[in-house]
Amino acid sequence: YDMIPLGTAVFLRGLISAGNHNGDRGVITQYSSATQRYLVELGETGETLSVKPENILQQIHVKIHGIISQPNLNGCTGLVWYTENKYRYSIYIGSLEKFA
């Protein structure tokens, strides 16, 4: 079984019993092979949740290039995640406080 490395930054998604945490950011602090869940420490509150792998989306950093319609975004770095209700990926560019 391939595990997400401890310390990996993640977003939470698809949670039912703790749906108020969908979209929250956190860090993987532990994996339990007995429950097959990750412990995720939330960045905002420090609260720890036990989360199934399918409810975790790893944060991926990218550098943008090749954008014709908004060339000012080329060269910017951002954080990627999948927006399920829109069926598309989004990039948050922190330096611009903008979503692309």
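**A walk through the strands**

Let's start on the outside: Gln-36 counts as exposed, with a relative accessibility of 52%. For reference, exposed means over 50% relative accessible area, buried means under 20%, and partly exposed is whatever falls in between (1.4 Å probe, protein chains only). Gln-36 sits in the loop between S2 and S3, and its phi is near 55 degrees, a positive value in a residue other than glycine. The strand labels follow DSSP: strands are E runs of at least two residues, helices are H or I runs of at least four, and both are numbered from the N terminus.

A quick word on ground rules. This is a predicted model, in which local features need pLDDT of at least 70 and side-chain atom pairs count only at pLDDT 80 or more, while totals for chains, interfaces and linings use all residues. Residues are numbered from 1 along each chain as its sequence is written, and side-chain values use heavy atoms, with hydrogens and water left out.

Now for the sheet. Five strands form an open sheet in the order S4-S3-S2-S1-S5, with antiparallel pairing; two strands pair if DSSP finds at least two bridges between them. Strand S4 (48-51) and strand S5 (56-58) are at the edges with a single partner strand each, so one side of each has no neighbour in the sheet. Ignoring direction, neighbouring strands in this sheet are turned by 45 degrees against each other on average. Those angles are taken between N-to-C directions and run from 0 to 180 degrees, using axes that are lines fitted to C-alpha atoms (for helices, over the stretch in contact).

Look at the pairings one by one. Three bridges connect strand S1 (residues 9-12) with strand S2 (residues 25-32) in the antiparallel sense, and Ala-9 stands opposite Val-27 in S2. S3 and S4 also run antiparallel, joined by four bridges, with Val-40 opposite Leu-49 in S4. These two strands make a hairpin with five residues between them, and Gly-46 in the turn has a positive phi of about 80 degrees.

What do the covered residues join? Leu-49 and Val-51 belong to the largest nonpolar core, which has 12 residues, including Ile-4, Val-10, Ile-28, Val-40 and Ile-56. Such a core is a set of buried Ala, Val, Leu, Ile, Met, Phe, Trp, Tyr and Cys residues joined through side-chain atoms within 4.5 Å. S1, S2, strand S3 (37-42) and S4 each put in at least two residues, and S3 gives the largest share, three residues. In soluble globular proteins, nonpolar side chains tend to be buried together.

Not counting residues up to four places away in sequence, Ile-28 touches Ile-4, Pro-5, Leu-6, Gly-7, Thr-8, Val-10, Tyr-38, Leu-39, Val-40 and Ile-56, where contact means heavy atoms within 4.5 Å. Tyr-31 and Tyr-38 are both buried, and the structure holds one aromatic pair. Tyr-31 and Tyr-38 form this pair, which is tilted, at 4.7 Å centre to centre with 50 degrees between the planes. Rings of Phe, Tyr and Trp (its six-membered ring) pair if their centres lie within 6.5 Å; planes under 30 degrees apart are stacked, over 60 edge-to-face, and the rest tilted.

Two polar residues are buried in loops. Asn-55, in the loop between S4 and S5, is buried at 11% relative accessible area. A polar atom of the Asn-55 side chain lies 2.9 Å from the backbone oxygen of Arg-13. Gln-59, in the loop between S5 and S6, is buried too, at 12%. The backbone oxygen of Val-10 lies 3.2 Å from a polar atom of the Gln-59 side chain. Leaving aside neighbours within four places in sequence, the contacts of Gln-59 include Ala-9, Phe-11, Leu-79 and Val-80.

Strand S6 (residues 60-63) and S7 run antiparallel, joined by four bridges, and Val-62 has Gly-78 as its bridge partner in S7. S7 also pairs with strand S8 (residues 88-93), antiparallel over five bridges, with Val-80 partnered by Ile-91 in S8. Five of the seven residues of strand S7 (residues 77-83) are buried, so S7 is largely enclosed by the rest of the structure.

Methods
Polar contact = N/O pair within 3.5 Å; in protein donor to acceptor, adjacent residues only side chain to side chain.
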